[in-house]
Amino acid sequence: SPIPDAIASIVIGVLLGIMAIGMIFVNSRLLMGMAADESKEEEILEFINDFPSVEKVINLRTQIVGPRQLIVSAEIEFHGGILLNRDQVESDAQRIKDGEEPLPILVDTIGRTVRVVGNELNRLELRLREKFPEIIAIHLVVN
């Protein structure tokens, strides 16, 4: 009799339809860049704010990209005084007072500053990855 086959086909079709609708809702949240839950964002924000050289976090965004996979984007401000090597600045100032050409000294100072900020960003990223292994990408912007 063809009736049991027809009923089974209809039931299977309905089940597949329900599963498809469920997957649409789950995957659409991921495709639209769903953020991590508030407690996870707060934990990340607190970790960055507690980092010694960070003065404040201006903006923090998270995005779930897969199971236990997270992207973090943050706009931060560093404490300038913490990153500053006062002895080196004093040495540079003394060299200028002693009559050396200021431009090369200032160019060296700027180059050192860029390297120090870059190294501090790398250190922060490393600590974030150690603390939160689910983070697969970090985008930090210094303000």
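First, the ground rules. The model is predicted, so local features need pLDDT of at least 70 and side-chain atom pairs count only at pLDDT 80 or more, while totals for chains, interfaces and linings use all residues. Residues are numbered from 1 along each chain as its sequence is written, and side-chain values use heavy atoms, with hydrogens and water left out.

I start with the sheet. Three strands form an open sheet in the order 1-2-3, with mixed pairing. Strands here are DSSP runs of E with at least two residues, helices are runs of H or I with at least four, and both are numbered from the N terminus. Two strands pair if DSSP finds at least two bridges between them. The edges are strand 1 (54–66) and strand 3 (135–142), each of which pairs on one side only. On average, neighbouring strands of this sheet are turned by 15 degrees against each other, direction ignored. For such angles, axes are lines fitted to C-alpha atoms, for helices over the stretch in contact, and angles run from 0 to 180 degrees between N-to-C directions.

Now the pairings. Strand 1 and strand 2 (residues 69–78) are antiparallel, over ten bridges. Along that pairing, Lys56 has Glu77 in strand 2 as its bridge partner, Val57 has Ile76, and Gln63 stands opposite Ile71. Strand 2 and strand 3 run parallel and are joined by seven bridges. Ile76 turns up here as well, with Val142 in strand 3 as its bridge partner. As background, strands of a sheet pair through backbone hydrogen bonds, either parallel or antiparallel.

What is the phi of Arg68? Arg68 lies in the loop between strand 1 and strand 2, a hairpin with two residues between the strands. Its phi is near 55 degrees, a positive value in a residue other than glycine. In general, most residues other than glycine have a negative phi. Arg68 is exposed, with a relative accessible area of 66%. The cut-offs are under 20% for buried and over 50% for exposed, with partly exposed in between (1.4 Å probe, protein chains only).

Helix 2 (residues 38–49) touches strand 1, strand 2 and strand 3, and its direction makes about 145 degrees with that of strand 1. Helix 5 also touches strand 1, strand 2 and strand 3, with its direction at about 150 degrees to that of strand 3. Contact means heavy atoms within 4.5 Å.

Helix 5 has another neighbour. Helix 4 (residues 86–97) and helix 5 (residues 102–131) pack at an angle of about 170 degrees, with their axes 9 Å apart. That angle makes helix 4 roughly antiparallel to helix 5; the classes are under 35 degrees for roughly parallel, over 145 for roughly antiparallel, 65 to 115 for roughly perpendicular, and oblique for the rest. From helix 4, Gln88, Asp92, Arg95 and Ile96 meet Pro102, Ile105, Leu106, Thr109 and Arg112 of helix 5. These contact residues divide into four nonpolar, two polar and three charged.

Is Asp92 buried or exposed? Asp92, in helix 4, is buried, with a relative accessible area of 5%. Its side chain makes a polar contact of 2.7 Å with the side chain of Thr109. A polar contact is a pair of N or O atoms within 3.5 Å; within protein, one must be able to donate a hydrogen and the other to accept it, and residues adjacent in sequence count only if both atoms are side-chain atoms. Not counting residues up to four places away in sequence, Asp92 touches Ile105, Thr109 and Arg112.

The other is Glu120, in helix 5. Glu120 is buried too, at a relative accessible area of 9%. Its side chain and that of Arg123 are joined by a polar contact of 2.8 Å. Leaving out residues up to four places away in sequence, Glu120 touches Phe51, Ser53, Phe78 and Leu83.

Last, Met34, in the loop between helix 1 (3–31) and helix 2. Met34 is partly exposed, with a relative accessible area of 24%. Met34 and Ile7 are 27 residues apart in sequence and 39 Å apart in space, C-alpha to C-alpha.

Notes:
Nonpolar A, V, L, I, M, F, W, Y, C, P; charged D, E, K, R; others polar.
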